[in-house]
Amino acid sequence: MPHEITVRQLIHQLQAVDPDLPAYLAVNPDWPQAHRIGRVIEISGPDGAVYLAENGQEGVLPPEVRAQLDWADV
């Protein structure tokens, strides 16, 4: 997977999953917590980007998620 993905690529990936499921961020393999997604901010211009803000922790990532991310031996 590339170091950066575009909003188009993110939308494409999200279209393959159940839209009614909650969405979380998995951020750090050394501290494998599920983080809630908060606000979405767009910065325009030549160096523009979209930022997904973290909105608190939900708990430890399930072992199957860590395994699929190759973050731990399960």
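Reader: Hi! What should I know about the model and its numbering before I start?
Author: The model is predicted, so local features need pLDDT of at least 70 and side-chain atom pairs count only at pLDDT 80 or more, while totals for chains, interfaces and linings use all residues. Residues are numbered from 1 along each chain as its sequence is written, and side-chain values use heavy atoms, with hydrogens and water left out.

Reader: Thanks! How many helices and strands are in the protein chain?
Author: The protein chain has two helices and three strands, and along the sequence they follow the pattern α-β-β-β-α. Helices (H or I, at least four residues) and strands (E, at least two) are DSSP runs, numbered from the N terminus.

Reader: And in what order do the strands of the sheet come?
Author: The order is β1-β2-β3, in an open sheet with antiparallel pairing. Two strands pair if DSSP finds at least two bridges between them.

Reader: Which ones are the edge strands?
Author: Those are β1 (24-26) and β3 (49-60), each pairing on one side only.

Reader: How many bridges join β1 to β2?
Author: Three bridges join β1 to β2, which covers residues 33-43. Y24 stands opposite R36 in β2, and A26 stands opposite A34.

Reader: Changing topic: is D70 buried or exposed?
Author: D70 counts as exposed because its relative accessibility is 69%; buried means under 20% relative accessible area, exposed over 50%, and partly exposed in between (1.4 Å probe, protein chains only). D70 lies in the segment after α2 (63-68), and its phi is near 60°, a positive value in a residue other than glycine.

Reader: Nice. What share of the protein chain counts as buried?
Author: Of its 74 residues, 8% count as buried. The C-alpha trace spans about 45 × 25 × 25 Å along its principal axes.

Reader: Last one: how far apart are the mean positions of the positive and negative charges?
Author: They are 6 Å apart, for 4 positive and 11 negative charges. Lys and Arg count as positive and Asp and Glu as negative, with His and the chain ends not counted; each charge is placed at NZ of Lys, CZ of Arg, CG of Asp or CD of Glu.
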